[in-house]
Amino acid sequence: MAPVSGMRWVLRTHTFNVAEQRLEETAQRTLTHIDGLLSEAADVIAGVSDIMHASCGSNERSRLSAAAFNARAAKNILILGPDGRTLCSSSEIPAGNYLGARFRPASQKNLAVALSPVSDAGRSLLNVSFTDGDRMLIASIVLDLQRLDYVPAEWKHNIVGLLAFDDGTMIARLPVWDGKTKAVDRRHSAPTLSAVAASEHFPIHVSMNVAMETALESARILSVIVDLGGGLLGVLFFLIIAQAIWRRPTVEDAIARGIRRDEFIPYYQPVFNIQTGALVGCECLIRWRKADGSIVPPGVFIREAEESGLAVEMTKRLMNKVRDEVGAVYATQPQLKMAINLFADHFSDFATVNDVRHIFSTGGMRYSQLVFEVTERYPLPNLARAKLAIKGLQDLGCKVALDDAGTGHGGLAYLQTLGMDQIKIDKLFIDTITSSNTGSPIIDSLIELGRSLMMEIVAEGIETGEQLHYLRNRGVHFAQGYLFAKPLAGKAYLALIAASSAPSSQVASAPAPAEGQPPMGSNSAHAEAA
């Protein structure tokens with residue numbers, strides 16, 4: 001009976017865990033759908049906010065109508081005056097008493113959300129508002145929740161879902177099934193599973209509840225088989241179930257565990273002025289230092305971290321480590337720069353700007369010493385929001401660079417669209433410079449483009465003297481690569497800074513290096529630190 005009992009316990013535990021995960025996924029998918037409708041509405045009204053204080057002529061009504069037509073769920077877009085009177089509208093639908101509705105602030109300035117005083121054929125209407133002075137621009141969104149048909153089939157008659165504001169005010173029940181749902185009876189304290197998903201952008205959340213008995217329904221038949229099997233059959237069945245249940249941890253699981261354990265650390269790739277030989281800063285590169293002391297390069301984990309969204313938290317912790325490790329030294333060396341890589345998810349909202357402001361408000365490092373590199377591994381999800389985030393970083397005093405220029409999704413179109421400050425020439429193009437060729441048209445074009453746009457140019461992946469001389473002769477000032485130094489741990493990089501700033505260092509007046517030698521070749525302190 002021991003194998004049978006153990007097997008039944010494992011089966012019940014696994015079924016419970018799966019049910020809990022499925023309920024959380026259902027709540028999150030519902031919230032994602034609603035959050036997407038509200039975000040789209042916010043973008044739509046932002047596009048017509050310039051007419052809020054204009055008179056309601058045919059042109060203004062046409063723009064409101066076109067905006068409502070282009071939004072997936074916008075029922076009406078209208079402008080209200082200080083007395084709640086409709087000044088202009090995309091349709092003739094009665095506006096209702098919007099001044100009587102309670103608008104709850106969203107995460108973005110001047111945005112708010114309220115439940116509409118009117119409904120659309122029994123369906124709930126949510127209003128996203130933008131306030132400017134004494135006028136309010138409102139988009140009414142139809143929540144057509146009948147189409148959300150992804151609740152597990154065996155739960156459809158025994159699950160309760162609610163959409164509510166964060167203060168507890170209910171917006172609507174969530175009929176994501178066929179309307180025959182039985183309410184979970186709490187009068188008899190029946191055990192239930194619950195899941196809540198809260199929006200990061202709007203003051204709403206989704207809650208889901210399903211009876212524990214329903215969640216564990218799928219385990220009953222297998223329990224009967226286990227009871228009938230007994231003995232050897234029970235042991236065999238236990239092994240089969242165990243093999244199906246206990247999966248090997250994925251790379252994503254390992255990354256999440258590594259983040260919790262603070263195993264991701266910064267390494268520093270020095271950047272030099274190849275015209276003078278002076279150290280001008282570094283690029284911060286991430287490494288995974290596991291519990292056994294082994295160092296894992298980013299090629300093993302960075303793609304999974306970005307695809308799973310874990311790269312955002314990983315980068316936030318990395319910036320804290322950079323501040324703590326080199327901030328005090330950078331405070332005494334204002335000419336040094338620190339480049340940090342960001343990913344597409346960092347530009348989906350303004351959170352990254354707030355993180356940078358908070359993290360580097362202490363520790364000694366100036367905002368003007370920070371350069372944030374936009375990688376192009378995945379396209380930016382929303383160029384308008386990305387532009388606002390980049391502008392926010394620049395307003396702090398930071399610079400923004402296009403990393404691996406010409407190799408990613410956005411290409412050189414990002415340069416002018418997003419208003420960047422720096423171009424980084426990828427190693428892919430640097431590798432084309434050899435002793436057997438006389439020129440590199442792509443590199444020459446990127447250099448000329450950077451100059452015409454008045455941007456700084458940094459060359460990556462310099463490994464040979466030929467590459468160094470080619471770039472130096474074409475007026476490139478800044479470069480990094482194994483010819484100068486490999487990525488350094490924190491202590492080694494601090495030692496390099498100390499050697500570079502020592503009174504005996506004559507880096508700026510050093511002679512031009514011999515073929516195949518780095519520009520600081522005559523400085524033994526540099527070589528030792530590297």
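This is a predicted model: local features need pLDDT of at least 70, side-chain atom pairs count only at pLDDT 80 or more; totals for chains, interfaces and linings use all residues.
Let us start with strand β12 (residues 279–289), which runs parallel to strand β14 (residues 337–342) and is joined to β14 by four bridges. Two strands are counted as paired if DSSP finds at least two bridges between them. Helices (H or I, at least four residues) and strands (E, at least two) are DSSP runs, numbered from the N terminus. Within this pair, C284 stands opposite I340 in β14.

Residues are numbered from 1 along each chain as its sequence is written, and side-chain values use heavy atoms, with hydrogens and water left out.

To return to β12, what are its other partners? Nine bridges link β12 to β11, and these two strands are antiparallel. Q269 stands opposite E283 in β12. The hairpin of β11 and β12 has five residues between the strands, and G277 there takes a positive phi near 90°. On the other hand, β12 is also joined to strand β13 (residues 295–296) by two bridges, in antiparallel fashion. W288 has V296 of β13 as its bridge partner. β12 and β13 likewise form a hairpin with five residues between them, and G293 in the turn has a positive phi of about 90°. As background, strands of a sheet pair through backbone hydrogen bonds, either parallel or antiparallel.

Is β12 enclosed or open? Ten of its eleven residues are buried, so β12 is largely enclosed by the rest of the structure. Here buried means under 20% relative accessible area, exposed means over 50%, and partly exposed lies in between (1.4 Å probe, protein chains only).

I turn now to helix α6, residues 251–260, in which A254, I255, A256, G258 and I259 are buried. The buried residues of α6 pack against β11 (264–273), β12, α7 (302–308) and α8 (310–332), where contact means heavy atoms within 4.5 Å. After α6 comes D262, with a positive phi near 60°.

A separate part of the model holds an open sheet of four strands, in the order β8-β7-β10-β9, with antiparallel pairing. Its edge strands are β8 (170–173) and β9 (192–198), each of which pairs on one side only. From one strand to the next, the twist averages 20°; axes are lines fitted to C-alpha atoms, for helices over the stretch in contact, and angles run from 0 to 180 degrees between N-to-C directions. Three bridges hold the antiparallel pair of β7 (residues 159–165) and β8, and A164 stands opposite M170 in β8.

On a 1 Å grid over the protein atoms alone, a cavity is a set of points where a 1.4 Å probe fits but cannot get out, and a pocket is an open set with protein on both sides within 12 Å along at least five of seven lines; lining residues have an atom within 4 Å of a point. Grid points are joined across faces, edges and corners, and a volume is the space filled by probe spheres set on the points.

The largest pocket contains about 860 Å³ of space. It is lined by 31 residues, and those closest to its centre are E283, L285, P298, N341 and D403. Which element gives the largest share of this lining? That is β12, with five residues.

The second largest pocket contains about 730 Å³. Among its 24 lining residues, E200, H201, D345, S348 and D349 lie nearest the centre. Here the largest share, five residues, comes from α1.

How many cavities of 30 Å³ or more does a search of the whole structure find? There are two. The largest cavity holds about 50 Å³, and its lining includes G258, I259 and D262, together with M314 and R317. Helix α8 supplies the largest share of that lining, four residues. The second largest cavity holds about 40 Å³ and is lined by V312, K316, M319, H346, T352 and D355. Again α8 gives the most, with three residues.

To close, β12 is joined to β14 in parallel, and β12 also provides the largest share of the lining of the largest pocket.
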